[in-house]
Amino acid sequence: MAEKMMKPQDMAKINHTPPLLRGWMHKPVDIKTGIYCYAGKPASLKYVGLPNPREWSPTDEDWKLPPNWKEIILEGLRERLERYRSLKVFMDICVRCGACADKCHFFVGGGDPRNMPVLRAELLRSVYRKEFTTAGKLMGEIAGARELTIDVLKEWWYYFFQCTECRRCSLFCPYGIDTAEITIIARELLNLIGLNTDWISAPVANCYRTGNHLGIQPHAYKDMMEFFLDDIEEITGVRIEPSFNRKGAEILFITPSGDVFADPGTYTCMGYLILFHYLQNLGLDLTWSTFASEGGNFGYFTSHEMAKRLNAKMYAEAKRLGVKWILGGECGHMWRVINQYMDTFNGPADFLDEPVSPITGTKFENARGTKMVHITEFTADLIKHNKLKLDPSRNDNLKVTYHDSCNPARGMGLLDEPRYVIKNTCKYFYEMPENTIREQTFCCGSGSGLNAGENMELRMRGGLPRANAVKHVHEKDGVNMLACVCAIDRAVLPPLMDYWVPGVAVTGVHELVGNALILEGEKERETNLRGEPLPGMEEEEENV
């Protein structure tokens, strides 16, 4: 990355002044290296039945589209306008006030006017006006309408795949327009003619084939877990024996595959394993699945229908195993889909019970519909009822701040529970500025399938606002650890921190839990889950 990327001090020089007296409608899109993701591969599209699979590149002049591509797009838009009343409302009511303009991290970090949410939505809205409104048909550009041409289509693809669907802009819209929903619909339309990215279509195909984004087979999933168990035994002296695919268990646990196969999420997974082992003697009856081995849902970045198909595996596995309810791990888009769409997509889950903690007896009423509880809600409840023996001093080397991942925060309202868990497992916690957290949180800059390697400049620019907030508490309070409850964030924030705020690492909340939890029969711990010496053990390790 260092050889190809400009230096941070150069990237931070951003001009946010739009060009004067130059309209945006007739300026052809300039597809720049470092900003876009590679095209979806035909094998992935074929596997899930997406149309027009072929080899192509965004830098090619010919994108190898179907001859009737324009008719396909417009008919698709017509169908969605009839199906989703909200879409038509969003197309009609925007007054272009600009309240959202400076709320997008991509505009803040890059300065491209078409990444202002109002203008990004206008890319679609202008075609809507031309084709579906009387004023647009009669008055054309005067009414803000334009023809759908190949240049407009390329502009759509380039900019709608520069949106992480984080919904921060929607929070500030006085009319409540959800620009992320506009991006979702635009991507659906693009997928009708085979325009996707490899970093989305490949995980979608893998998940449909094997149950997780990485295409890992069940035996490999279990083998990876065995490595974690060996590491935990070496650190704690306790051998953990989780169950897999066990019929009749009370609870099915599902987490994103990133927690099993990608650092630093792997340490979060070790934290889950330690917690569940601790709770077994208190009555926890839980099993993992090697088939529904993915909570995340890249189908959501493709179409509503694809999101529904991939989400269905969780209920199917719960029914097959005969569990009572589902516990879910730390993931972002996983919980946006579950919280906002699961009942509509795949419910009602009448074969499951309303979740009740077997340890505390707490009814998780917010999960009454989906029958699925977030792990931080579950753990916060345990701590509140004094069910966990914790030694926060094991995390004394950490000064922690918390990044509200967009989907659980804005999309789910999960704000206090993760903080409660962190504050009970760490002594040193510091909040970033209030206009960068909770509902107003800045995005990691790489969600919605943008966490590829080839678009690193886009990722660093999009993550600049979040990095600036981290830098503030790093310099002011000495923060050296950024916690979050999203597997995507745990994958994309480390390079962002390395680039903008060196010296700050990234963790999941349950890695902190795993470090602090005191297991029965454990030996004196000398290292944390990363194999690093615990506070006070540094000298002993040097002597060894």
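Start by selecting S126, which sits in helix α6 (residues 117–132); bear in mind throughout that this is a predicted model. S126 has a relative accessible area of 0%, so it counts as buried, the cut-off being under 20%. Now show what surrounds S126: leaving out residues up to four places away in sequence, it touches W24, M25, G144, A145 and R146.

Are E155 and R146 buried or exposed? Both E155 and R146 are buried.

**Around C94**

Next, move to C94, in the loop between α4 (85–93) and α5 (105–110). C94 is buried, at a relative accessible area of 16%. Which residues is C94 in contact with, once neighbours within four places in sequence are set aside? They are V118, R125 and I177.

Switch to a surface view and select L138, M139 and I142. Together they make a nonpolar surface patch of about 390 Å². M139 belongs to helix α7 (residues 134–139). Its relative accessible area is 46%, so M139 falls between the limits of 20% and 50% and counts as partly exposed.

**The four-stranded sheet**

Return to the cartoon and find the open sheet of 4 strands. In what order do the strands lie? The order is β2-β1-β3-β4, and the pairing is parallel. At the edges are β2 (286–288) and β4 (372–374), each of which pairs on one side only. If you look along the sheet, neighbouring strands are turned by 30° against each other on average, direction ignored.

On one flank, β1 pairs with β2 in the parallel sense over 3 bridges, and F253 has W288 as its bridge partner in β2. β1 also pairs with β3, again parallel, over 4 bridges; here I251 has W325 as its bridge partner. Then step from β3 (residues 325–328) to β4: this parallel pairing runs over 3 bridges, and I326 stands opposite M372.

Show the side chains of β1 as well. In a regular strand, side chains alternate between the two faces of the sheet. In β1, I251 and F253 are on one side, L252 and I254 are on the other, and all of them are buried, so both faces are covered.

Now bring in the helices. α15 (residues 304–321) lies across β1, β2, β3 and β4, and runs at about 150° to β1. α16 (residues 333–346) lies across β1, β3 and β4, running at about 140° to β4.

**Charged pairs**

Side chains of opposite charge can pair when their charged atoms come close. The count for this model comes to 36 salt bridges. Pick out R490 and E330, whose closest N and O atoms are 2.8 Å apart in a salt bridge. This pair links distant parts of the chain: R490 is in helix α22 (residues 487–500), while E330 is in the loop between β3 and α16, 160 residues away. Both R490 and E330 are buried.

For another example, select R368 and E365, whose side chains meet in a salt bridge at 3.9 Å, N to O. R368 is partly exposed, with 46% relative accessibility. Then highlight K222, E226, D230, E233 and R239 together: a network of salt bridges links them.

**The three-stranded sheet**

For the last stop, find the open sheet of 3 strands, in the order β5-β6-β7 with parallel pairing. Its edge strands are β5 (400–402) and β7 (505–508), each pairing on one side only. From one strand to the next, the twist averages 35°. Zoom in on β6 (residues 481–484), which runs parallel to β7 and is joined to it by 4 bridges. To finish, select A483 and its bridge partner in β7, T507.

Note on methods. Residues numbered from 1 in each chain as written. Predicted model: local features only at pLDDT ≥ 70, side-chain atom pairs only at ≥ 80, totals over all residues. Heavy atoms only, no water. Pairing = 2+ DSSP bridges. Helix = DSSP H or I, 4+ residues; strand = E, 2+ residues; numbered from the N terminus. Axes fitted to C-alpha atoms, helices over the stretch in contact; angles between N-to-C directions. Contact = heavy atoms within 4.5 Å. Patch = residues over 30% accessible without salt bridge, like charges linked within 9 Å, V, L, I, M, F, W, Y side chains within 5 Å. Areas by Shrake-Rupley, 256 points an atom, 1.4 Å probe, with all protein chains shown as cover. Salt bridge = Lys/Arg side-chain N within 4 Å of Asp/Glu carboxyl O. Buried < 20%, exposed > 50% of the residue type's maximum accessible area, 1.4 Å probe, protein only.
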